[in-house]
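Me: I have a two-chain model open and want to talk through its folds and contacts. Can we go through it step by step?

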Amino acid sequence: MTAARFTFDGFRRGLRDGAPLGLSIFAYGLGFGLVAAQAGFGVAKAVATSAAIYSGSAQLAAVSLLQTGGATLTALFATILVINARYFLFGAALQPWLGQVSAPKAYGSLLLLGDANWMFTMRAIAAGEEDRAYLPGTGAPMFAGWLLGTAIGAGAVSILPSPEALGFDLMLPAFAAAMTAAMTRVRADLVPVAVGAGAALIIARIAGPGWAVIGAGLAGGAVAALTYRGRG
Amino acid sequence: MTDSFPILLLVMAAAALICRMLGFMLMRVMPASPRIEAALRATPLSVMAGITALALANGGLAEALALGAVVVLTVLLGSDVAAALLGVAVVAVLRWVGV
């Protein structure tokens, strides 16, 4: 297997596409910083948490679990595993493309994997992106924005408006809706859209929101595999 | 909870790291097949539609209007990023006026 491209050019292309993501994640980071500060985390602890986990939903769940006081390490571990289980799927979906560069480059890029830049990268792959450095390129401004937002949010807890007032909680769904609309090109694309939406709603009701997103992805993938008839 | 913060941090980081790496590692040893590739190609659309559906189900009128605007704006503007950011502005304004 010849090694696929992984160049500064691709990184820069990712950076350019990821810059607006960095801005929106900065805003989301402000929100987490606020919540963490209210839970008694100082700036240093809040930023350390953001760097170590780098997942808004998992961090918010972890902080609220820690606040209850009765949380065990196992519960903390399991909570993050369940909420971030969708990343199993993200990594698996990236593998055929990302697996063509060396392991350090691939795993290093995965460290910068988030919801939004995964969506961006999958869209870019569908559009023919060949440079694997596109992935860390889109991830870098998001990671930087996340840490900076956390620090400022935790430090300025007393003077900021609530994240909901600014619409930040709708950031991820808005990106998801926009990319669903952009990626649905032929009628057959409506099948995974309908299966994903339906599965998410049903699973959220039965098993809780932590499972809903991975359930949507698994259901859509399963239907595509079962209905596959040669030539794709 | 009596555990020290560095231990908590380590446990949380380990869980997050496993999630980021394991799917990729498993696919590495799985034999490639067009059926699996078809499944992986369909996955992003299902995940994104799922996230959108959950937001619609949990939200009210403001969220529904904003996400509807996002879809229309994506088609009109041809830019999903611009549409998404405008959608966030729409929901902020709608909440501010009390929708």
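This is a predicted model: local features need pLDDT of at least 70, side-chain atom pairs count only at pLDDT 80 or more; totals for chains, interfaces and linings use all residues.

Me: Ok. How many helices and strands are there in chain A?
Reply: Chain A has 11 helices and zero strands. Read along the sequence, its pattern is α-α-α-α-α-α-α-α-α-α-α.

Me: And chain B?
Reply: Chain B has four helices and zero strands. From the N terminus on, its elements run α-α-α-α.

Me: What share of chain B is buried?
Reply: Buried residues are 42% of the 99 residues in chain B. For chain A, the buried share is 56% of 232 residues.

Me: Switching to the interface. How many residues of chain B are in contact with chain A?
Reply: 62 residues of chain B are in contact with 82 residues of chain A. On the chain B side, helix H1 (5-29), helix H2 (34-58), H3 and H4 each supply at least two residues.

Me: Which of those gives the most?
Reply: H2(B) does, with 23 residues on the side of chain B that touches chain A. By class, the residues on that side are 46 nonpolar, seven polar and nine charged.

Me: Now the helix pairs. At what angle do H3 and H4 of chain B pack?
Reply: Helix H3 (residues 61-77) of chain B and helix H4 (residues 80-96) of chain B pack at about 150°, with their axes 8 Å apart. Angles over 145 degrees count as roughly antiparallel, and H3(B) and H4(B) are therefore roughly antiparallel to each other.

Me: Which residues make that contact?
Reply: From H3(B) they include Leu65(B), Ala66(B), Ala69(B), Val70(B) and Leu73(B), and from H4(B) they include Ala83(B), Leu86(B), Gly87(B), Val90(B) and Leu94(B). By class, the contact of H3(B) with H4(B) has 15 nonpolar, two polar and three charged residues.

Me: What about H3 and H4 in chain A?
Reply: Helix H3 (residues 56-68) of chain A packs with helix H4 (residues 73-83) of chain A at an angle of about 155°, and their axes are 9 Å apart. That makes H3(A) roughly antiparallel to H4(A).

Me: Is the crossing of H3(A) and H4(A) left-handed or right-handed?
Reply: H3(A) passes H4(A) in a right-handed crossing. H3(B) also passes H4(B) in a right-handed crossing.

Me: Which residues meet in the chain A pair?
Reply: Ser57(A), Ala58(A), Ala61(A), Ala62(A) and Leu65(A) in H3(A) meet Ala75(A), Leu76(A), Thr79(A), Ile80(A) and Ile83(A) in H4(A). That contact has eight nonpolar, two polar and no charged residues.

Me: Single residues now. Where is Tyr54(A)?
Reply: Tyr54(A) is in the loop between helix H2 (43-53) and H3 of chain A. Its phi is near 55°, a positive value in a residue other than glycine.

Me: Why does Tyr54(A) count as buried?
Reply: Tyr54(A) has 24 other C-beta atoms within 10 Å, and the cut-off for buried is 20 or more.

Me: Last one: what does Ala204(A) touch?
Reply: Leaving out residues up to four places away in sequence, Ala204(A) touches Pro209(A), Ala212(A) and Leu54(B). Ala204(A) lies in helix H10 (residues 190-207) of chain A and counts as buried, with 21 C-beta neighbours inside 10 Å.

How values were computed. Residues are numbered from 1 along each chain as its sequence is written. Chains are lettered from A and ligands numbered from 1 in the order in which they are written. Axes are lines fitted to C-alpha atoms, for helices over the stretch in contact, and angles run from 0 to 180 degrees between N-to-C directions. Angles under 35 degrees count as roughly parallel, over 145 as roughly antiparallel, 65 to 115 as roughly perpendicular and the rest as oblique. A crossing is left-handed if the near helix is turned anticlockwise from the far one by less than a right angle, and right-handed if clockwise. Two residues are in contact if their C-beta atoms, placed from the backbone, lie within 7 Å. Ala, Val, Leu, Ile, Met, Phe, Trp, Tyr, Cys and Pro count as nonpolar, Asp, Glu, Lys and Arg as charged, and the others, Gly among them, as polar. A residue is buried if 20 or more other C-beta atoms lie within 10 Å of its own, exposed if 12 or fewer, and partly exposed in between; C-beta atoms are placed from the backbone.
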